[in-house]
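Biologist: I have a model open and would like to learn how to read it. Could you walk me through a feature or two?

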Amino acid sequence: MHTTTEWDRDLLRKTLQEIMDRGGLNQAEVGRLAGRDRTMANRWLAGQHRPAYASAISFANALAEQYPHLTSLSEQFLRAAGYQAPESQHEATRSERRPPDPEQALRMLRGIAKEESKTIGDVLVERGLATPEELTLSEEKENDRLVSDILQSNLPDRTKDILLLDYVERRRRAYKAQGLTPQRDEAGREA
């Protein structure tokens, strides 16, 4: 174990918050990346608990692999927790910049969508990974007059995104209020 004797509670909290902000992560996602749960991430964020070495290393490695733009923050997180990753892990993290397994990424998206009661499309759009125009709409939704009007408008793309997300959320609430569940296709997507 590569441990220093001290950990910097304030730097750990600040670094974790910056990671969450820049990565668009919530506490449940931080916990999942660390191989833990949301409550542990909450304790770290509150400065109530020093991350265990294994959890800190798991978090830093998963973060560097899945969010390469946050690699320097993952290393800062380790230092703040009072740990230093073995050199081989630093080198592996930097040299093995391969994309995540598509099936793993899809499982992760499904988990986030389920946890937040959203569609995968909503998650992709909210995190800036896709625009509504890039997502394929079922024929029913393509023929939806409001969706068509929004997509064909001269509004900025960001405004269109916000309007479409709001529309989807309103439809979801209307379904729930009426005790209906949206029809789903064979892949589990809302039809």
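Modeller: Gladly! This is a predicted model, and we can begin with helix 10 (residues 145–152) and helix 11 (residues 157–177).

Biologist: At what angle do helix 10 and helix 11 pack, and how far apart are their axes?

Modeller: Two packed helices are described by the angle between their axes and the distance between the axes. Here the angle is about 170° and the axes are 9 Å apart. Angles over 145 degrees count as roughly antiparallel, so helix 10 and helix 11 are roughly antiparallel to each other.

Biologist: Which residues make the contact?

Modeller: Helix 10 contributes Leu146, Val147, Ile150 and Leu151, while helix 11 brings Lys160, Leu163, Leu164 and Tyr167. Seven of these contact residues are nonpolar, one is charged and none is polar.

Biologist: Now the aromatic rings, please. How many aromatic pairs are there?

Modeller: A pair of aromatic rings is described by the distance of the centres and the angle of the planes. The count here is four aromatic pairs. In one of them, the ring centres of Trp44 and Phe59 are 6.2 Å apart with the planes at 65°, so this pair is edge-to-face.

Biologist: Are Trp44 and Phe77 buried or exposed?

Modeller: Trp44 is buried, at 1% relative accessible area, and Phe77 is buried at 0%. Phe59 is buried too, and Trp44, Phe59 and Phe77 form one aromatic cluster.

How values were computed
Residues are numbered from 1 along each chain as its sequence is written. This is a predicted model: local features need pLDDT of at least 70, side-chain atom pairs count only at pLDDT 80 or more; totals for chains, interfaces and linings use all residues. Side-chain values use heavy atoms; hydrogens and water are left out. Rings of Phe, Tyr and Trp (its six-membered ring) pair if their centres lie within 6.5 Å; planes under 30 degrees apart count as stacked, over 60 as edge-to-face and the rest as tilted. Buried means under 20% relative accessible area, exposed over 50%, partly exposed in between (1.4 Å probe, protein chains only). Axes are lines fitted to C-alpha atoms, for helices over the stretch in contact, and angles run from 0 to 180 degrees between N-to-C directions. Helices (H or I, at least four residues) and strands (E, at least two) are DSSP runs, numbered from the N terminus. Angles under 35 degrees count as roughly parallel, over 145 as roughly antiparallel, 65 to 115 as roughly perpendicular and the rest as oblique. Contact means heavy atoms within 4.5 Å. Ala, Val, Leu, Ile, Met, Phe, Trp, Tyr, Cys and Pro count as nonpolar, Asp, Glu, Lys and Arg as charged, and the others, Gly among them, as polar.
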